[in-house]
Amino acid sequence: MTTEWTRGEFAISTDPGRIDLDVVHGFLTTCYWAEGIPRDVVARSIEHSLNFGLYTQGRQVGFARVITDRATFAYLGDVFVLEAYRGRGLARWLMGVVHAHPELQGLRRWVLLTRDAHELYRPVGYTPLAKPDRYMERWAPDVYRG
């Protein structure tokens, strides 16, 4: 199911055909959480996620993706708005749209990782882990370095 929301000159769409892989990969390959990520890995991650592209005048300017079973759990990742479009409330709008998506209602747990965007996520209900001692991870920080 493809859905679209509009606000002024901006639109958010879940249409996978609208995703500009050059924009998404271009941002992710230089950000702290996915530095050096190969283009084919980004393409594969998009293929297997529920994606939200943020657009203006036919150009992609933001992105978020949700990895989910659409029943119990969701992981929110790769959220960004290009620098030239920040400060307009677009990231907050994007978060509102993501969390209101009809296929993502009634989930028991959402998780995400952030170094510096806590204030973006708190208003939509994110808090520090209630029981961090129950979480484990399998982390390969150098996986994208050859």
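Let's start with His-99. This residue is buried, with a relative accessible area of 17%. Buried means under 20% relative accessible area, exposed means over 50%, and partly exposed is in between, with a 1.4 Å probe and protein chains only. The areas come from the Shrake-Rupley method, where for residues only the protein chains shown count as cover.

A word on the source. This is a predicted model, where local features need pLDDT of at least 70, side-chain atom pairs count only at pLDDT 80 or more, and totals for chains, interfaces and linings use all residues. Residues are numbered from 1 along each chain as its sequence is written, and side-chain values use heavy atoms, with hydrogens and water left out.

Back to His-99. Its place is helix α3, residues 90-100. Helices (H or I, at least four residues) and strands (E, at least two) are DSSP runs, numbered from the N terminus. What joins the side chains of His-99 and Tyr-126? A polar contact of 2.9 Å. That term means a pair of N or O atoms within 3.5 Å; within protein, one must be able to donate a hydrogen and the other to accept it, and residues adjacent in sequence count only if both atoms are side-chain atoms.

Next, salt bridges. How many does the structure hold? Eight. The criterion is a side-chain nitrogen of Lys or Arg within 4 Å of a carboxyl oxygen of Asp or Glu. In general, side chains of opposite charge can pair when their charged atoms come close.

I'll show three of them. Take Arg-39 and Asp-22: their closest N and O atoms are 2.5 Å apart. Arg-39 sits in helix α2 (39-47) and Asp-22 in helix α1 (21-28), so this pair ties together parts that are 17 residues apart in sequence. Arg-39 is partly exposed at 38% relative accessibility. Asp-22 is exposed, at 52%.

Now Glu-103 and Arg-70. Their side chains meet in a salt bridge of 2.4 Å, N to O. This pair links distant parts of the chain, 33 residues apart: Glu-103 is in the loop between α3 and β6 (109-112), and Arg-70 is in the loop between β4 and β5. Glu-103 counts as partly exposed, at 21%. Arg-70 is partly exposed too, at 39%.

Then Asp-142 and Arg-145, with 2.6 Å from N to O. Asp-142 is partly exposed at 45%. Arg-145 is exposed at 57%.

Which residues gather in a patch of positive charge on the surface? Arg-108, Arg-109, Lys-131 and Arg-134. Patches take residues with over 30% relative accessible area and no salt bridge; like charges are joined within 9 Å, and nonpolar side chains (Val, Leu, Ile, Met, Phe, Trp, Tyr) within 5 Å. Lys and Arg count as positive, Asp and Glu as negative; His and the chain ends are not counted. Each charge is placed at NZ of Lys, CZ of Arg, CG of Asp or CD of Glu. Arg-134 lies in the segment after α4 (118-121). Arg-134 is exposed, at 64%.

Last, backbone. Most residues other than glycine have a negative phi. Gln-57 has a positive one, near 50°. Its place is the loop between β3 (50-56) and β4 (59-68). Asp-78 also has a positive phi, near 55°. Asp-78 belongs to strand β5, residues 73-81. Buried or exposed? Gln-57 is exposed, at 73% relative accessibility. Asp-78 is buried, at 11%.

Conventions: Areas by Shrake-Rupley, 256 points an atom, 1.4 Å probe, with all protein chains shown as cover.
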